[in-house]
Amino acid sequence: MIRDPQTLDALVDAVERFVRERLVPAEAAVAETDEIPDELVREMKALGLFGLTVPEAYGGLGVTMEEEVMVMLAMGQTSPCFRSLFGTTVGIGSQGILLDGTEAQKKKYLPRLATGELIASFALTEPGAGSDAASLRTTAIRDGDHYVVNGTKRFITNAPHAGIFTLMARTDPANKGAGGVSAFIVEAGTPGLSIGKRDKKMGQRGAHTADVIFENCRVPASQLIGGKEGQGFKTAMKVLEKGRIHIAAICVGVAERMLRDALDYAVEREQFGQRIAEFQLVQAMLADSKAEIYAARSMVIDAARKRDEGLDVSTEASCCKLFASEMCGRVADRAVQIFGGAGYIADYGIERFYRDVRLFRLYEGTSQIQQIVIARNMVREATQ
Ligand SMILES: Cc1cc2nc3c(=O)[nH]c(=O)nc-3n(C[C@H](O)[C@H](O)[C@H](O)COP(=O)(O)OP(=O)(O)OC[C@H]3O[C@@H](n4cnc5c(N)ncnc54)[C@H](O)[C@@H]3O)c2cc1C
């Protein structure tokens, strides 16, 4: 749903300009230094990107899913590390509060998230619990008006920068399944919470992940999201379902960028006395990429519209994440191929995208987990 096309156009135009004039020129330096300059972060805040999904009543832009997709398609036209900083906050980091938080929790945190004063992380994965997230072992045991948290969370995006963590922990150790899990808002700086050293990653330099370690960390009971125990896994799944459409939109944006770069190269580069873009074998790579991007773009917009209508989009969200992330990987591979040897050399930039986009098939549910979700929903519908 697009509420006001003119307002959305103005926002998307502003993001496109920011991407073109500020982020694209900074890509190589950010990859080199592994840091996004503070000045660019300030500009992201000024554009309202940190408050994209926060309702207007709490100081954000309150975009619909379709509007969010349009902004992410524009944001995808540059290194995905830039999106990671605010996208993790407006996406998985803060959605738990937005979807299931109490009014007091929303009032306390959403306005500060909207301005970018607070960065939010989503802490679900553990060393022993990745795809099987419901088996998580971090415990949060009630002790008076606090919960005492113990455990380790792994690969947590933005952990070194986060002001708050949406933490999933087991409040009922007797219940080993999803029903024993609750969600909390834990503030950085709470005694007993520490951050591990930054992970060295394959790509997306500038975006940082680390372990988050809880050792007898006392979290006030008022930080239990929604005030109810046992709801945390459901909250996490709702958050991830929305996140899958968001990530799929980014995949489409980045694939468009890589294809544009490959096409620019193909019409410039000459071999055998002609532009390589004239060779039909190169054209096949361009055409397959174009068609797959178009398909993914259409899927993402369709799923976003359905979610805005209030429909159950569990299947559609997983279809989008599966298809768009795999498509993005294929486009990256073809783009490197079209660049030839230059595709392997850092100066040309395309090998950086090739490494950056590999992550899309892994996090927020691997491709195999998306297949499982899709097939499980199909079988359930066929047998009920
Ligand atoms: C850069 C980065 C950022 C991340 N950010 C966050 C974050 O902010 N918050 C957070 O909570 N987590 C985060 N993660 C964790 C991420 O979501 C997990 O890595 C991912 O869900 C996979 O879990 P795993 O790594 O334990 O792999 P595993 O679950 O061990 O999977 C290994 C392989 O087995 C396959 N597999 C597993 N189960 C099945 C099955 N039932 N059927 C078929 N195949 C299966 C998987 O598809 C995969 O191919 C991040 C990870 C990375 C790398």
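Q: How many residues surround the ligand, and which are the closest?
A: There are 17 residues around the ligand, and the closest are Phe122, Thr125, Ser131, Thr366 and Gln368, where a residue is near a molecule if one of its heavy atoms lies within 4 Å of it. Residues are numbered from 1 along each chain as its sequence is written. The model is predicted, so local features need pLDDT of at least 70 and side-chain atom pairs pLDDT 80 or more, while totals for chains, interfaces and linings use all residues, and side-chain values use heavy atoms, without hydrogens and water.

Q: OK, and what does the side chain of Thr125 do there?
A: An N or O atom in the Thr125 side chain is 2.7 Å from a nitrogen atom of the ligand, and a polar side-chain atom of Thr157 also lies 2.7 Å from a ligand nitrogen.

Q: Which strand gives the largest share of the shell?
A: E3 does, with three residues; strand E3 (146-157) and helix H11 (367-383) each supply at least two, with helices (H or I, at least four residues) and strands (E, at least two) being DSSP runs numbered from the N terminus.

Q: And which domains does the shell draw on?
A: Domain 2 (120-232) and domain 3 (234-383) each provide at least three residues, with bounds from an automatic or database domain assignment.

Methods. Polar contact = N/O pair within 3.5 Å; in protein donor to acceptor, adjacent residues only side chain to side chain.
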